[in-house]
Amino acid sequence: TAGAPAWLFAPLAVCAVAIAAIVTFIPEGNDYARATLLKHNRLNSFDGPRIVLVGGSNLAFGIDSLLMQRETACPVVNMGMNGYFGVRYMLEEVRPALRSGDTVVIALETDSYFKSVDGTASNLFVIVKANLEGVNYLTWRQRLAILGATPYIAQEKLLRLIRGVAFGLRDAFAGEDDDPATIEEMASEIETLSGFNAEGDLVSHLNVDWPYEHEHGIDPATPVDPEIIGLLRSFDTDMQARGVRVMISYTPLLREFYDQHRTGIDNVHRLITEAGLTAPATPADYVYDEPFFFDTVFHVNAEGRALRTERLATDINTFRGPGA
């Protein structure tokens, strides 16, 4: 039987080419993802033992690497960027560079224990586009998920482009827009490549007053992702064989949020310790009052950043021991 005429597939081919062009050539909302290049360059820039921090944006917003280096007398590499990359990606992107004598500190947002370890396809697309080497850190399932998400990514880019043109025309005809910056606009101005210092710490938020409420994450009453503890244990076992030590730490937590969700958050710590993973402190040790936070219940401001860094440095020193 003769196959279908080739012209029937022409519209599909045109759509596929259009989608590929949109996702490739229309820029992202900002250049935050390009900070991954800065972080990987720093990861590969030290010859001796290092302290490598693995996690999401709580580390980007909440660590002073130079302060931690002074407290620990060891180079610090802050790999934290975005929890929606997923725990699997965050572990895999540092794995090839780790070597004997290194200390890995895994400090995940509480959210990360309740959502898929594979991350979200749209966020993985952005990081891989910024650093093509990132494809090597993905499973085939994640790569296929990115491919399947390209129509959605293209749609979002087109909508953002249309909104930008519409607002630009509005401001041109009606005068300058005097409305207060929205949450999205403020976040976009803060979360940029230029917002990072040479050590890979985000500093663009340190002198900014956040006028909105603190964003909450996933409700910790949600069941813990069944893959995450096993994934952390497997990573720990592999690193021990390589002479790399791994410890678990926790994100800063707004006191009100912790008090409201104490049972679910403490359960995470219980699962970690029962799995034989090392966590020198508990989530409660990283609970701070509202004045120390920025835009979310996990992101600290300048004062909170100093408190969290000093506390984590103390935990690291305890973990590494006096001979480190």
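**Sheet, cores and ring pairs**

Five bridges tie strand β1 to strand β3 (residues 103-108), and the two run parallel; strands here are DSSP runs of type E with at least two residues, helices are H or I runs of at least four, and both are numbered from the N terminus. Two strands count as paired if DSSP finds at least two bridges between them. The model is a predicted one, with local features needing pLDDT of at least 70 and side-chain atom pairs counting only at pLDDT 80 or more, while totals for chains, interfaces and linings use all residues. Residues are numbered from 1 along each chain as its sequence is written, and side-chain values use heavy atoms, with hydrogens and water left out.

As for burial (under 20% relative accessible area is buried, over 50% exposed, and in between partly exposed, with a 1.4 Å probe and protein chains only), β1 (residues 51-55) is mostly covered, with five of its five residues buried. In a regular strand the side chains alternate between the two faces of the sheet. For β1, both faces are covered: Ile51, Leu53 and Gly55 are buried on one side, Val52 and Val54 on the other. Strand β4 (residues 245-250) is largely enclosed by the rest of the structure, because five of its six residues are buried.

Next come the cores, meaning sets of buried Ala, Val, Leu, Ile, Met, Phe, Trp, Tyr and Cys residues joined through side-chain atoms within 4.5 Å. The largest nonpolar core has 59 residues, and those with the most contacts inside it are Val87, Ile106, Tyr113, Phe235 and Ile272. Helix α9 (residues 228-242) supplies the largest share of this core, six residues. A second, separate core holds 25 residues, among them Ala33, Met81, Tyr137 and Phe294. Back at isoleucine 272, the contacts (heavy atoms within 4.5 Å) beyond its neighbours within four places in sequence are Tyr113, Ile229, Ile248, Tyr250, Leu277 and Ala279.

Rings of Phe, Tyr and Trp (its six-membered ring) pair if their centres lie within 6.5 Å; planes under 30 degrees apart count as stacked, over 60 as edge-to-face and the rest as tilted. The structure holds seven such aromatic pairs. Tyrosine 32 and phenylalanine 196 have ring centres 5.3 Å apart and planes at 45 degrees, so this pair is tilted. Tyrosine 32 sits in the loop between α1 (10-25) and α2 (35-43) and phenylalanine 196 in the loop between α8 (183-190) and α9, 164 residues apart. Phenylalanine 257 and phenylalanine 298 make an edge-to-face pair, because their planes meet at 85 degrees, with centres 5.9 Å apart. This pair joins helix α10 (residues 255-260) to the loop between β6 and α12. Phenylalanine 257 is buried at 1% relative accessibility, and phenylalanine 298 at 6%.

That loop between β6 (287-288) and α12 (302-320) also carries histidine 299, which is buried with a relative accessible area of 5%. Setting aside neighbours within four places in sequence, histidine 299 contacts Ser57, Asn58, Phe61, Phe293 and Phe294. Phe61 and Phe294 belong, with Trp210 and Tyr212, to one aromatic cluster.
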